[in-house]
Amino acid sequence: MMDIFQKVVLLILGQLPLLIARIPPFFPCDNNEIATEVYCAHRQLNDIPFFTSINVTFLDLSHTKIRKMGQHKFSGIQNLITLKMKWNCDPKNLRTNNAYCRVRIEKDAFRSLHNLTYLYLAGNSLTMLPWLPESIKVLDLESNCLFNIIIPFGTPHLEQLLLTKNCYYENPCFQSFYIHEDVYKELSHLKNLTLGYNNLTSIPVGLPASLMTLDLKENTITEIPEGAFAMLPNLEDLNLGWNCQRCDHAAHLCFPCPNNASLLLHPNSFYAINSSVVYLTLRGNSLNNFPEGLFLPLTNLKWLDLSDNYLAHTIRNGTFFTELKQLTWINLIYNFQPLGKFHDLILSPHLGNVSNLETLLLSGYFFGTMSEQSIVVLSRLKQLKILEMRMNFISYFNMRTLGMLPSLSRLDLSQNILSYLPYNVSHGYSLEKGSQDSIVFRDYSDLPMLPVSVHMYQTESESDMCRSNMTIFEMWHFNQKFCQNKFTIDLSQNNVIFLHEDVFDGMENVVCLNLSYNYASQALRGRLFSRLKSLVYLDMSYNRIDLYYRDAFSELNKTLKVLDLSHNEYHFRMMGMGHRIEFIQSLSNMEVLNLANNDISGRIDPRLSSSSVQYMYFSGNRLDIMWEEEGQTYINFFQDLRKLIYLDISQNRLHSVEQPILCNLPVSLQALTISNNYLHYFPWLSLTCLGNLSHLSLSGNHLSYLPESVTEFPPDFSLLDLSNNWISHLPGQFFSRAESLQCLYLNTNRLVVLNLQSLPPLLKNGTSHQLLTLHHNHFSCDCYNSGLEEFLRTSTTRIPNLTTDVRCEFPESLQGKSVLTVDQSNCQIYGGLVFLLSTIFTCAFIALPLLRHLYGWDVWYCLQILWAGCKGYLHPSASCSPKQYDAFVVFDTNNQAVRDWVYNELVIRLESSGYRRFSLCLEERDWIPGLSCIENLHNAVHSSGKTVFVLSNGTRNDADEATVNGVIRQTFFMVQQRLLDEKVDVAVLILLDKMFPKLKYLQLRTRLCRKSVMSWPRNPQAQPLFWNQMRTALSSDNLKLYDNNISEGFI
């Protein structure tokens, strides 16, 4: 026996190293390949996991539920360099709910981290700081509750201190933020200090001279005193924005200075010997002018933000520009005059002295036209590359003047009211009146609008190998590729509803032109764009262009490479109207064509023909109608795009793709996107028709199964996206020939069991270059799926969200748990025995309660009878003593009112009067002294013909609850026992109170034998009837008085 026990112990101990080796080293967190970085962010952690490793240098605990940081939590990773624990408890007003939370860090929590250099603790509602290692260089304390800092940090090597948003309207502290001068004295190496959003009322004193960046935005500073930064010779970036806020177009809560005053600046506010300031922000300070000489000390200033002020007139005649000779970037947006608009733009002549200026932002200034004087001023800026004039209500702009700005590479005139109608163009340089459409103005964001992009194939957590094939792009990629540092004009969101040749006069050198969001509604003919000799990128999305004529865009055939015609559905939605896209045949250099979201459904050319187009975007149309027509007119729709390498036909409401359609796609195709349709069928066996296909996206469809047979894949087929479908099973042979498949997306499906033999060869024993997504499936964590847990623990294939979102769905007891936490050892050792024992126990646990419910009382009664027989007791029927009393009257002897009624009414009426006298047994009168209470009670019940219960609800305890006398309770049990033993019902109930609790027994008794339950009448005239009923109840057999309608189920 001992030998068997030793073998079992050795077997179990032998399995432990294997099990430990399989568990990820930092579970439930992820780590990088060399196990130096651990990622625990966005996990439902309530405590810091304890890790032991000398290699870990980075730990991220952000966005968790950790509320306490203990003293020894990091003792196992003493070489930690970077610790992030951010946004675990937002300040109160920033929380999505009002639940109380606060992170508490024990004083010596970081005592063992001697190498800690970067510490990020933002968004934790901290009110005090623990001991900090001297080695810290970066300390992030943003969005906490630290607003009165007196004690130095003890970190002499600190270089970055981030204290933004510790005291402001979303995180109120109801006082001014304060840092003692002694705190700064030890920070001799501090370079970056952020104190924005802190209710500061003045410039902090005692700042270290080593500072290079100082952020004081969104405070309540009203004055910059002279020499405020004179002791900061290394300061390069100074942000003083939004201290005296302009509130007439504020997007958020706005806090102006008293009396709407501007930030008070003195001539020497920025004075410093050999100032190093390069970036200066004075945005949103209600400034209307500058004191003379303010910017003279800033000899290195290159970047100046003066937006959101009241500088409308200063821009027209200010002299401060002469002090900015080294400036390369200036922001003057939203300096419009309140409730006013200038007829034309007039720029200060002194602006032309800023000879190094490269970027000028003039959006939100509100003027109608560009004056010749302004053009002359701008022409003096020989380095000017970017000119932005969005949202200005410009009604006319003479493009011929662009010849005076030879260095210009980007002109942004979007969000204006330019119309270029023929009768306006003839007026020449300027217009007195243009389009006055008042509804054009919208509250757009401060940043320039990005080019309109089409949603394309995009996967999450892709490896470098999955992204290396450059056949999958979005439209913004082509904008960067062809337009970066090239002459670009943005005319989007204007009123250019009709295009003609003169519109483009002066745009001969334009490379990229954006005409989107103009609602231009016309049929294009040749020569319209003939003056655009260098045009490469043309965006005409969100218009109403009619593409019927063959010679549309033909004048651009030598240069045009990218044409965006998406969201031009207006004419395509007209019932019965024909359409033609033959114009693409003549565009011999066009590489990218975007026809997405046009609702194209028919009455169009049966074929698209081009020898140059490589990227075709056809999402958001109606191929479901085109490919389901009888006769299959459009079965060869894309076949003649002979150089096509990428095709996007997502969002076309397709329910299936038949074999002829797939095989009639261009053989040159390398990437195909059919995502976000309603596909329930795909011709997998015909996939080899596309011999060059390497990427296929079928995500967001209704695919529920894959073929059971062996499927041939193209030789270079490397990526397959099946995410967001209804697939519940992977056939064993489906991927057996997918020898090049390296990236497989199976997330968000309905997989229950994953057969490892069904995976592609490269993913079974892959490397970090291979990718397999499995999260958000319905995995079963039973023995039938034990191979999944084994694979996840041992595979080197990259599996995103493995520790967070690869969870069990079945059985219910494991629902929501990570697959990696399930112990599968029982599936290998004694599995059959465990199953048998569990079956037996299950059956027993089901049967025992059922038997107890059905026969429990009978078994108990039989056991009691047997036990009584063993002790010599006789069955009640063996005692044939005659009845001594007609009735035993039981009542609460402590209730004086009941006693009086029994002795003065009941005894007198039944024993001393009437045509029949009854012999009553009373506790206080007839019980034999010396016998125990229970013996007297037993004799009284069994020697009486009936037992009368006199009940009243007058007896109450200290809690004012009705109570029942113990003798009455025991008597009731004995009467019920006689009913079971002798089959006689001897109970008679008298209720003395009119209102009596609705007890279930009384209600049942009243329904079963109404004459045995009587109430004492309050009307004296009815009392004789009561005593007559009482004599009848004592003389009769209760069983004969039962209600026949319900008594059959009880007798």
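This is a predicted model: local features need pLDDT of at least 70, side-chain atom pairs count only at pLDDT 80 or more; totals for chains, interfaces and linings use all residues.

Trainee: What makes up the chain in terms of helices and strands?

Mentor: The chain has 19 helices and 45 strands. Of its 1051 residues, 49% are buried.

Trainee: Why is Ser610 called buried?

Mentor: Its relative accessibility is 2%. Buried means under 20%, so Ser610 counts as buried.

Trainee: Where is Ser610, and what does Ser610 touch?

Mentor: Ser610 sits in strand β30, residues 609-610. Leaving out residues up to four places away in sequence, Ser610 touches Ile584, Asp640, Leu641 and Arg642.

Trainee: How many disulfides are there in the whole structure?

Mentor: A search finds eight.

Trainee: How do you know that Cys89 and Cys101 form a disulfide?

Mentor: Their sulfur atoms are 2.0 Å apart. The cut-off is within 2.5 Å, so the pair of Cys89 and Cys101 qualifies. The link is right-handed, with 100° about the S-S bond.

Trainee: What makes this pair a tie between parts of the chain?

Mentor: Cys89 and Cys101 both lie in the loop between β5 (82-84) and β6 (104-105). The pair therefore ties together parts that are twelve residues apart in sequence. Cys89 is buried at 2% relative accessible area. Cys101 is buried at 9%.

Trainee: Why is the disulfide of Cys483 and Cys512 called left-handed?

Mentor: The torsion about its S-S bond is about -100°, so the disulfide is left-handed. The pair links distant parts of the chain, 29 residues apart. Cys483 is in helix α7 (residues 475-483), and Cys512 is in strand β26 (residues 512-514).

Trainee: Are Cys483 and Cys512 buried or exposed?

Mentor: Cys483 has 6% relative accessibility and Cys512 has 1%. Buried means under 20%, so Cys483 counts as buried, and so does Cys512.

Trainee: What about Cys247 and Cys254?

Mentor: A disulfide joins them, S to S 1.8 Å. The link is left-handed, with -80° about the S-S bond.

Trainee: Why is Cys247 called partly exposed?

Mentor: Its relative accessible area is 30%. Partly exposed lies between buried, under 20%, and exposed, over 50%, so Cys247 is partly exposed. Cys254, at 22%, also counts as partly exposed.

Trainee: Which labels do Cys843 and Cys1009 get?

Mentor: Cys843 is partly exposed, because its relative accessible area is 48% and exposed means over 50%. Cys1009 is at 0%, so Cys1009 counts as buried.

Notes. Residues are numbered from 1 along each chain as its sequence is written. Side-chain values use heavy atoms; hydrogens and water are left out. Helices (H or I, at least four residues) and strands (E, at least two) are DSSP runs, numbered from the N terminus. Buried means under 20% relative accessible area, exposed over 50%, partly exposed in between (1.4 Å probe, protein chains only). Contact means heavy atoms within 4.5 Å.
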